[in-house]
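User: Hi! Could you walk me through this structure with a few questions and answers?

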Amino acid sequence: MFERIDYYAGDPILGLMDKFAKDSNPDKVNLGVGVYYDEDGKMPVLECVKTAEQRIADPVSPRPYLPMAGLPGHRKGCQELLFGKDAQVLKDGLVATIATIGGSGALKVGAEFIHEWFPQSKCYVSDPTWGNHIAIFEGSDVEVGKYPYYDKTTGGIKFDEMIAFFETLNKDDVLLLHPCCHNPTGVDLTKEQWDQVLNVIQERELIPFMDIAYQGFGEDMDSDAYAIRRAVDMGLPLFVSNSFSKNLSLYGERVGGLSVVCPTTDEAERVFGQLTSMVRRIYSSPPSHGGRVVDIIMNDEALHEQWIGEVYGMRDRIKAMRMKLKSVLEAKISDRNFDYLTNQNGMFSFTGLTPEQVERMQSEFGIYMVSNSRMCVAGLNVDNIDYVANAMAKVLKD
Ligand SMILES: Cc1[nH+]cc(COP(=O)(O)O)c(/C=N/[C@@H](CC(=O)O)C(=O)O)c1O
């Protein structure tokens, strides 16, 4: 009956978690999946989350279905985080926002929406991008192409090539963009470059789809949303998928959002209705526990302020690990440039290790990175950083 079903080869990122768990090496280090670990190598439970959980736990309340679009407070929290608390576009009711099953759920609903309502549109992703971007959109029968992005010779961006490519695209083609903390390279556009990109999008009438999964890990909550807010200021139609997995450390609670900025309130109403209908068809309604945590934190001024501080604490620890690893590697290998470690933004660094070197890091040292050479810098701490640097030095020198 099912003998013709293909075997699943496993996910290049999530598959590392299983391998890491089974690895008996006492010195093993997980620099694979995009998860933040604290100074002690543990996944934190944020203080603001503990407070929210206590409010949910006492008194214990029933767990009814949520609205298909999720809790209004969750949706409002997404909007204010992305567009700004006092954004005119929110006051004017131009943004259709639903709570989703993480950022992945937002991307899936967005991809289904594009497939259904923009059937001629192709979706273009950065080269390279987060692998699941391609799988999600192709899984919704949206044809996916790649735009030039990372320049491995300079460690920067093929900006002129990227702009020239955008100028060849058709009206309503979708560009999947990383507003900050690019995954997997960590290499971000400057504000000036974003202005040029958004001008081309406006001229070519392309559809920007911005996926922001690490807001707060780059510069700060507002700066990290620069591209989003600039697009709104220009009056562009805009899709934004956001994730609270990393900046609330709520990975398994599956909390995120999908927002669509529309030209009129009537269009926003139409889009909201169709997004809701799509949710019903795919998963019916989002999870309540995570939604209530988001609702409480995003709408309680004191908890929201505490949350911002906790995110910036994670951000700053990652930045400190970047600086430390760079200085340790520079001391070990004087003839190699490690500036990329401090030039790149967010959780990830594209180390440039070959697949063979990445494999050696795993097999000889129990250090797990993604095969494309992505390192999750958030897995580093003062206890493992010298071990990781020594291993990198060894595989780079041999
Ligand atoms: C850019 C991006 N967008 C969306 C997501 C999905 O977020 P979520 O809210 O958990 O559905 C992730 C997760 N990335 C990390 C984990 C994964 O691969 O699923 C990663 O790149 O390691 C991203 O890196």
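Analyst: Happy to. Contact, or touching, means heavy atoms within 4.5 Å. This is a predicted model, where local features need pLDDT of at least 70, side-chain atom pairs count only at pLDDT 80 or more, and totals for chains, interfaces and linings use all residues. Residues are numbered from 1 along each chain as its sequence is written, and side-chain values use heavy atoms, with hydrogens and water left out.

User: Thanks! Is Leu248 buried or exposed, and what is its relative accessible area?

Analyst: Leu248 is found in the loop between β9 (238-243) and β10 (255-261); helices (H or I, at least four residues) and strands (E, at least two) are DSSP runs, numbered from the N terminus. Buried means under 20% relative accessible area, exposed over 50%, and partly exposed in between (1.4 Å probe, protein chains only). Leu248 touches Leu46, Cys48, Val49, Val294, Ile297, Met298 and Trp307, leaving aside residues up to four places away in sequence. Leu248 counts as buried because its relative accessible area is 0%.

User: How far apart in space are Leu248 and Ile297, C-alpha to C-alpha?

Analyst: Ile297 is among the residues that Leu248 touches. The two are 49 residues apart in sequence, and their C-alpha to C-alpha distance is 9.6 Å.

User: Now the ligand: how much of its exposed area does the protein bury?

Analyst: Polar contacts here are pairs of N or O atoms within 3.5 Å; within protein, one must be able to donate a hydrogen and the other to accept it, and residues adjacent in sequence count only if both atoms are side-chain atoms. Ligand oxygen atoms lie 2.6 Å from a polar backbone atom of Gly34, 2.6 Å from a polar side-chain atom of Tyr214 and 2.7 Å from a polar side-chain atom of Arg254. Taken alone, the ligand exposes 530 Å² (Shrake-Rupley method, 1.4 Å probe; for residues, only the protein chains shown count as cover). Of that area, the protein buries 92%.

User: Which residue's backbone nitrogen lies 2.9 Å from a polar atom of the Asn381 side chain?

Analyst: Asn381 sits in the loop between β13 and α15, and it is buried, with a relative accessible area of 6%. Not counting residues up to four places away in sequence, Asn381 touches Asp38, Glu39, Asp40, Gly41, Arg317 and Met321. The backbone nitrogen 2.9 Å from its side chain belongs to Asp383.

User: Last one: which elements do the buried residues of α15 pack against?

Analyst: Helix α15 covers residues 385-397. Its buried residues include Ile385, Val388, Met392 and Leu396. They pack against β1 (29-30), α12 (301-332), α13 (340-343), α14 (355-365), β12 (367-368) and β13 (374-376).

Definitions and conventions: The expected span of a helix is 1.5 Å times one less than its number of residues.
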